[in-house]
Amino acid sequence: MANSLQDIIDTFEFLDDWEDRYKFLIDLGKDLEPLAADEKTDTYKVRGCVSQVWLVTTPDNSGSEPVLTFRGDSDALIVQGLVAIVIALFSGKTAQEILQTDVEGLFNTLGLQEHLTPQRSNGLKSMIGRIRTDAEAALTAA
């Protein structure tokens with residue numbers, strides 16, 4: 001993973017101007033490993049996003065609790081940056097940790113809520129909803 005969640009938070013705090021923060025968001029998205037063409041299918045597509053977003057969830061059930069790893073991609077640069085933040089927030093956590101994560105608190109810390117268009121906010125909520133659904137499914141399957 002290119003950026004840790006703490007690196008992202010620190011950079012957002014360092015950058016005063018929202019234009020610079022948007023540029024950073026775009027750079028985060030560019031740093032993501034692109035998904036293979038066969039992963040950009042309806043199976044992985046996130047519903048409720050205006051831009052196309054794909055999330056691939058890989059559960060690891062080798063421990064006492066399932067740990068989920070996420071990979072993602074989007075056809076829109078800023079949204080791809082949001083995918084990178086969501087991956088940094090959730091990937092490598094147990095399903096239970098994912099369900100207990102204070103997403104709204106993080107997005108308030110970053111100031112994302114008031115600087116995203118309603119469509120992007122809805123898309124972000126759809127991504128988080130999908131991740132939480134995958135976490136619930138991993139708990140049920142465990």
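Modeller: Here is one to begin with: K40 and D73 form a salt bridge. Their closest N and O atoms are 3.3 Å apart. Bear in mind that this is a predicted model.

Biologist: Where do K40 and D73 sit in the chain?

Modeller: K40 is in the loop between α2 and β1, and D73 is in strand β2. They are 33 residues apart, so the pair links distant parts of the chain.

Biologist: Is D73 buried or exposed?

Modeller: D73 is buried, at a relative accessible area of 3%. The cut-off for buried is under 20%.

Biologist: And K40, what's its relative accessible area?

Modeller: That is 36%, and K40 counts as partly exposed.

Biologist: How many salt bridges turn up in the whole structure?

Modeller: The search finds 4. One of them joins R71 and E39 through their side chains, with an N to O distance of 2.3 Å.

Biologist: Which parts of the chain does that pair link?

Modeller: Distant ones. R71 belongs to strand β2, residues 67–74. E39 is in the loop between α2 and β1, where β1 covers 53–60. The two residues are 32 apart.

Biologist: Which class does E39 fall in, buried or exposed?

Modeller: Buried, with a relative accessible area of 14%. R71 is partly exposed, at 34%.

Biologist: What about E19 and K23?

Modeller: Their side chains also meet in a salt bridge, 3.7 Å from N to O. Both residues lie in helix α2, residues 18–31. They are 4 residues apart, about one turn of the helix. K23 is partly exposed, with a relative accessible area of 45%.

Biologist: How far is I26 from A76?

Modeller: Along the chain, 50 residues. I26 itself is partly exposed, with 21% relative accessibility.

Biologist: Switch to α1. Where is Q6 relative to A88?

Modeller: Q6 is in helix α1, residues 5–14. Q6 and A88 are 82 residues apart in sequence, but 9.0 Å apart in space, C-alpha to C-alpha. Q6 is partly exposed, at 44% relative accessibility.

Biologist: What share of the contacts comes from residues 24 or more positions apart?

Modeller: Those account for 62% of the contacts with a separation of 6 or more.

Biologist: Let's zoom out. How many helices and strands are there?

Modeller: The chain has 6 helices and 3 strands. From the N terminus, the order is α-α-β-β-α-β-α-α-α.

Biologist: How does its radius of gyration sit against the globule rule?

Modeller: The radius is 15 Å, close to the 14 Å that the rule gives for 142 residues. So the chain is as compact as a globular protein of that length. The C-alpha atoms fill a box of roughly 45 × 30 × 25 Å along the principal axes.

Biologist: What percentage of residues is buried?

Modeller: 44% of the 142 residues count as buried. The chain exposes about 7,400 Å², and carbon and sulfur atoms supply 48% of that.

Biologist: Last one. How many positive and negative charges?

Modeller: There are 12 positive and 23 negative charges. Their mean positions lie 6 Å apart.

Notes
Residues numbered from 1 in each chain as written. Predicted model: local features only at pLDDT ≥ 70, side-chain atom pairs only at ≥ 80, totals over all residues. Heavy atoms only, no water. Rg over C-alpha atoms; globule rule 2.2 N^0.38 Å. Buried < 20%, exposed > 50% of the residue type's maximum accessible area, 1.4 Å probe, protein only. Contact = heavy atoms within 4.5 Å. Areas by Shrake-Rupley, 256 points an atom, 1.4 Å probe, with all protein chains shown as cover. Lys, Arg positive; Asp, Glu negative; His and termini not counted. Charge placed at Lys NZ, Arg CZ, Asp CG, Glu CD.
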